[in-house]
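Open your viewer and get ready to click along. Each stop below tells you what to select and what you will find there.

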Amino acid sequence: MICNYFKIAWRNIWKNKLFSFVNIMGLGLAIPFALLSLMQVQSVFEYDNFHPEREKIYRVTTQIETPSGEKTKYGSSPMAVASRLREDYPFVEKATHTTREFGWELNNSIKTIEVNPLFVEPDFFKIFAFPLRTGTIPDSPNTIVLSHEMAQIFFGDANPIGKTVTHHDYGELTITGVLQPYEKTTHFRSDVLVSMATQSKFRDQNPQLDLTGYTYVKLQNEENRKNLDAALAAITANTNKLVQEKDEKRLFQSQAFDKISPDFEELEDNPYVESLRDLSVNFFMALAIILLVSFNYTNLTLARSLNRANEVGIRKVNGASRNQLVWQFLCESILIALFALVVGFFLLKIMEEFITVNWLTWEVDNYLILWSVFISFTVLTSAVAGIIPAKILSRFSPAKVLKGNLNPASFGKIGFRKSLVVIQFVVTACFIFLIANMFSQFRYMATDNENFNRKDIYNISVRGDHTLMANEIASHKNVESVGFTSAPFGGTSMTAAIKEKKLDENFEASYYAVDADFIKNMKLEIIAGENLHETSGDSTSNFIVVNEKTLFPWD
């Protein structure tokens, strides 16, 4: 029976070539964008699924509770947590700590490349599947391993083992190995893995308290999860004794490794992990496209419904039931959607060739799930688009059809098609407005925001004492002035809890550590008061410049 439905559907599609072509191309042009959104959703759930025995791996998260009772959860934890777990608890097979830095530049005397570093301990390679293609793991100070791609960029086909690259703060870094190509769907995203010993001489944080990085634990077996939680409770109690802010409380908790991505807990300090909000955007983008193409297909089908009235009347006279007619029209819409899927897939491949945005995922690990999602999505789209026309067409009365009494009024007094056109127009207008607004916001942040100066500004990342270099740069005839900031303006800032009075509610504020020249260079307008003092002595350490939002945070 189903085969006969599809045969008849194929005949109708072939008979009405122009109408079928418009429907197939309409669906085909929309499907690749919906499929791309669905691929992003699937890839988020596949993060870090290539590591062995990941059911035994856990990450330690930190919850900080302020005196007012406000709780904030972080994906990071102090370095001392990994040491305690590794040394004091035998049920822990391995424990390691990683830290991140951003904005690195490495130079091999020929080229300077911006890289994404990750500081790791030797146990990192024993827990996670980042095998070396050649060489050894970085253990000694100033040793690193490169990703396969970064080794190609720096040295081409030459053997990089034993060669050095230079960092402006850490000095010469010796390459001890090259990683095998690994899947990019990982929150350990990096170009170079640097030995933790390299960072130790620059570290000025408190390893007992500061949330310096990320702690990962591999247990002897899965049943030790309760023991891990008990150990973290003991470490929590000891750590809270050391907290300088006596009223602040910390709580260390275990997070299953396969629960890190997506971030349903909305953790702070959790880079390269998609949040529930980001996941929802991709999902609802696909849903919006489904609605748009469904409305379009429904409108086009109803537009030619009167032409098919005789077909419905004759089939009913010959004994066809309403359910059989519904299935017939649904099979036709499914067949059109499957043709559109083929068109959409080829368009998706064309998009992949010409769109080089690195934050888009074009491949997934499990193609069985991917194609199941694609086909299910297509059938769902066709069912949504075809069910209303099928219901309407199948209810035509044979007597009215054969007498010629069927007309557009048969769709209802308020005009179903007119209502559908209005809904489609509203949804389309909202969708266009959303996309245009997002594009406008991105363009504004990138080029049009005139609240600060962008012209003739160059950022140089430095670490440690920068006075000598600053004086040398400032002496150049083409340099007007040199200012300092803790991070590039407009990028990731630091945050602090502020309040006017001790008993007031805390407000979160973003801040940069800067000097007076930086404010001048960025041409930030001071509407009241004055700029920071020019001197660099201790007298300037307790002065800040705030914006209007800081003074009126509730507006």
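This is a predicted model: local features need pLDDT of at least 70, side-chain atom pairs count only at pLDDT 80 or more; totals for chains, interfaces and linings use all residues.

**Stop 1: the core**

Which residues have the most contacts inside the largest nonpolar core? Select Leu-35, Leu-348, Phe-374 and Phe-377; the core they belong to has 33 residues. Helix 2 gives the largest share, nine residues.

Zoom in on Phe-377 next. Setting aside neighbours within four places in sequence, Phe-377 is in contact with Ile-31, Ala-34, Leu-35, Leu-38, Ala-286 and Ile-290.

**Stop 2: a patch on the surface**

Stay with helix 11, which spans residues 367-394. Select Leu-338, Tyr-367, Trp-371, Ile-375 and Val-379: together they form a nonpolar patch on the surface, with about 400 Å² of accessible area. Four residues of the patch, the largest share, come from helix 11. Tyr-367 is one of the residues in that helix, and it counts as partly exposed because its relative accessibility is 39%.

Further along helix 11, click on Val-384. Val-384 is partly exposed too, at 35% relative accessibility.

**Stop 3: salt bridges**

How many salt bridges does the structure hold? There are nine, and here are some to select.

- Asp-123 and Lys-126: their closest N and O atoms are 3.7 Å apart. The two residues are three apart in helix 4 (residues 122-127), so about one helical turn separates them. Asp-123 is buried, at 14% relative accessible area, whereas Lys-126 is exposed, at 52%.
- Asp-229 and Arg-225: this salt bridge has an N to O distance of 3.9 Å. Both residues lie in helix 7, four residues apart. Asp-229 is partly exposed at 33%, and Arg-225 is partly exposed at 28%.
- Glu-352 and Lys-349: the closest N and O atoms here are 3.3 Å apart. Both sit in helix 10, three residues from each other.
- Glu-53, Lys-56 and Lys-218: these are linked in a network of salt bridges.

**Stop 4: helix 3 and its cover**

Select helix 3 (residues 79-88), where the buried residues are Met-79, Ala-80, Val-81, Ala-82 and Leu-85. Then show what covers them, including strand 1 (57-65), strand 3 (92-100), helix 6 and helix 7 (225-240).

**Stop 5: Thr-198**

Is Thr-198 buried or exposed? Click on Thr-198 in helix 6 (residues 196-200): with 0% relative accessibility, this residue counts as buried. Its side chain makes a polar contact of 2.6 Å with the side chain of Ser-195. A polar atom of the Thr-198 side chain also lies 2.8 Å from the backbone nitrogen of Asn-142.

Finish at Thr-166 in strand 9 (residues 164-167), whose C-alpha atom is 9.9 Å from that of Asn-142. Thr-166 is partly exposed, with a relative accessible area of 34%.

How values were computed. Residues are numbered from 1 along each chain as its sequence is written. Side-chain values use heavy atoms; hydrogens and water are left out. Buried means under 20% relative accessible area, exposed over 50%, partly exposed in between (1.4 Å probe, protein chains only). A polar contact is a pair of N or O atoms within 3.5 Å; within protein, one must be able to donate a hydrogen and the other to accept it, and residues adjacent in sequence count only if both atoms are side-chain atoms. Contact means heavy atoms within 4.5 Å. Patches are made of residues with over 30% relative accessible area and no salt bridge: like charges are joined within 9 Å, nonpolar side chains (Val, Leu, Ile, Met, Phe, Trp, Tyr) within 5 Å. Accessible areas come from the Shrake-Rupley method with a 1.4 Å probe; for residues, only the protein chains shown count as cover. A salt bridge is a side-chain nitrogen of Lys or Arg within 4 Å of a carboxyl oxygen of Asp or Glu. A nonpolar core is a set of buried Ala, Val, Leu, Ile, Met, Phe, Trp, Tyr and Cys residues joined through side-chain atoms within 4.5 Å.
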